[in-house]
Amino acid sequence: MLIEKAWERFLTEGVVSANVGEVITNSWLRAREAYHLNPEALQPIQSETEEALFERCHGDEAFGLVQPVLKDFASRLDLSDHVLAYFDQNGWMLSIDGDPRVVHGLEDTCFRPGTNWAESSAGTNGPGTALAEGRPIEVFASEHYVELWQRWSCAAAPIRLPGLAEPIGIIDLTGPWDVRRRQALMVVQAIARAIQERIQAATSVRDEVVRYAFQAAHEAGDALLAVDTRGYVIALNDAAARRRIVESLVLPSAMQEAISHAFRHSGLGEVSLVSPDGLPLVASLVRHENAPVGAILRVTDIPGATRVRKPSVPSTRYDFSNIQGQSKALAEALRLARAASGNDLPVILCGESGTGKELFAHSIHSSSGRRAGPFVAVNCGGLPPQLIEAELFGYEAGAFTGAKREGNVGRCELADRGTLFLDEVSELPPSAQTALLRVLQEREVVRLGGFTPRMVNVRVIAATN
């Protein structure tokens with residue numbers, strides 16, 4: 001009753017009552033002074049057609065991930081006398097679920113998918129004010145600025161992701177004011193957290209898919225960028241870094257819009273772009289589970305650039321059937337080697353020279369899940385110390401005197417998705433051992449003369465006498 005009288009006085013006299021909280025007061029002021037809304041309105045200012053709503057749902061990246069979580073909570077919660085609704089980052093309602101009687105009753109206020117409940121369209125309300133404040137909000141009865149909304153009570157919470165300043169969506173629980181649900185605010189916050197965790201997990205998987213596509217597209221000499229659906233750069237190669245295709249880890253707005261258009265019309269496999277300094281680019285979409293999850297950007301023509309082609313790499317010539325002998329020591333060694341072929345851990349083979357360590361390395365690879373990948377053997381004792389790092393990790397153009405003009409791919413990169421066999425590994429100098437440790441721990445290499453890490457998926461088998 002006190003809030004109702006405070007609302008009436010605010011409308012007639014412009015007086016703010018001490019009985020009204022700061023958040024609601026500020027929202028009322030925005031509704032009247034910034035948006036000039038009519039408190040006697042019969043529906044929000046903004047609404048759209050079913051076709052436009054379909055496009056909006058289809059273009060909302062989070063919506064597909066949100067729906068299963070909402071359905072799960074709707075089935076677990078007792079939603080009698082209430083509805084659970086989802087709004088996008090601009091306040092548009094995209095879905096509603098719950099008590100059919102309440103859904104029908106809310107039709108009078110146009111509280112349905114396809115209407116905009118941001119404060120600029122509907123004044124003070126749960127989802128709109130939560131969006132404006134960027135925090136969980138409960139709006140009860142007469143706290144609504146528009147009189148028609150005052151029959152309802154709503155609790156809303158924003159969905160936030162790390163690194164983003166603005167919420168990506170809003171969860172709202174609405175019901176009649178006289179059956180106000182206890183702990184409604186805690187419920188919507190829990191749902192928002194569950195959605196956030198689902199989106200973060202899905203984003204991690206999608207980013208890995210894009211990185212995998214980036215590695216598959218890698219071709220030295222081309223400038224390559226991998227971006228997610230928001231235009232954030234998640235990988236780039238040395239050529240792209242040198243060309244300064246982007247000045248930060250976010251694409252310029254014009255490039256983002258062009259790629260977003262391609263995402264929305266996912267039948268487009270490629271889209272042509274122009275970088276800020278005028279370089280022509282082609283963006284190839286990356287899909288996961290039939291949905292676009294990112295893109296690989298390739299500079300189509302860099303004047304004077306020379307591509308480095310990966311030379312053909314050998315595979316194995318032997319398998320366990322080529323190892324002859326029946327001694328107990330050999331049988332135990334074969335047992336251990338077969339066990340090693342069943343996992344992806346690094347392996348060290350110890351034995352005197354001439355005992356067949358390389359034969360075992362071939363056999364482990366040919367029986368492993370990497371059998372279709374390359375098997376690259378390096379005799380560490382047969383390489384000059386000053387060239388070992390260049391051979392293992394590669395080098396960029398002009399990295400040192402006598403280097404190939406176009407640079408060179410290292411053995412670690414040649415062994416990507418396969419096995420790198422380091423024979424006589426004890427002969428590696430300490431500096432090369434340090435770099436090799438990074439390959440084992442971080443799965444990445446940095447070419448001599450370069451500065452951008454390159455992801456490699458390689459298993460190391462080493463041998464020593």
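Visitor: Which residues in α12 are buried?
Guide: Before that, the ground rules: this is a predicted model, where local features need pLDDT of at least 70, side-chain atom pairs count only at pLDDT 80 or more, and totals for chains, interfaces and linings use all residues. Residues are numbered from 1 along each chain as its sequence is written, and side-chain values use heavy atoms, with hydrogens and water left out. Buried means under 20% relative accessible area, exposed over 50%, and partly exposed in between (1.4 Å probe, protein chains only). Helices (H or I, at least four residues) and strands (E, at least two) are DSSP runs, numbered from the N terminus. In α12 the buried ones are K357, F360, A361, H362, S363, I364, H365 and S366. That makes 8 of the 10 residues in this helix, which spans 357-366, so call α12 mostly covered.

Visitor: What do the buried residues of α12 pack against?
Guide: Contact here means heavy atoms within 4.5 Å. The buried part of α12 packs against helix α11 (328-341) and the strands β11 (347-350), β12 (375-379), β13 (418-423) and β16 (458-464).

Visitor: Now sheets. What is the strand order in the open sheet of 5 strands?
Guide: Two strands pair if DSSP finds at least two bridges between them. Here the order reads β2-β1-β5-β4-β3, and the pairing is antiparallel. At the edges you find β2 (93-98) and β3 (137-140); each has a single partner strand, so one side of each lacks a neighbour in the sheet. From one strand to the next, the twist averages 20°. For angles, axes are lines fitted to C-alpha atoms, for helices over the stretch in contact, and values run from 0 to 180 degrees between N-to-C directions. Helix α4 (residues 63-76) packs on this sheet, touching β1 (83-88), β2 and β5, and its direction makes about 165° with that of β1.

Visitor: How many bridges join β4 to β5?
Guide: There are 8, between residues 152-159 of β4 and 169-176 of β5, running antiparallel. I159, for instance, stands opposite G169 in β5. For β1 and β2, the antiparallel pairing covers 5 bridges, with F87 opposite M93 in β2. Their hairpin has 4 residues between the strands, and G91 takes a positive phi near 90° there.

Visitor: Is D172 buried or exposed?
Guide: D172, in strand β5, is buried, at 0% relative accessibility. A polar contact is a pair of N or O atoms within 3.5 Å; within protein, one must be able to donate a hydrogen and the other to accept it, and residues adjacent in sequence count only if both atoms are side-chain atoms. The side chains of D172 and T174 make one of 2.5 Å. Setting aside neighbours within four places in sequence, D172 also touches a list of residues including V83, F87, F111, C154 and V188.

Visitor: How many disulfides does a search of the whole structure find?
Guide: With a disulfide defined as a pair of cysteine sulfur atoms within 2.5 Å, the search finds 0. C412 has its nearest cysteine sulfur, that of C380, 10.0 Å away. C412 is buried at 0% relative accessibility, and C154 is buried too, at 4%.

Visitor: And what percentage of the protein chain's residues count as buried?
Guide: Of 465 residues, 47%. The chain's secondary structure comes to 15 helices and 16 strands.
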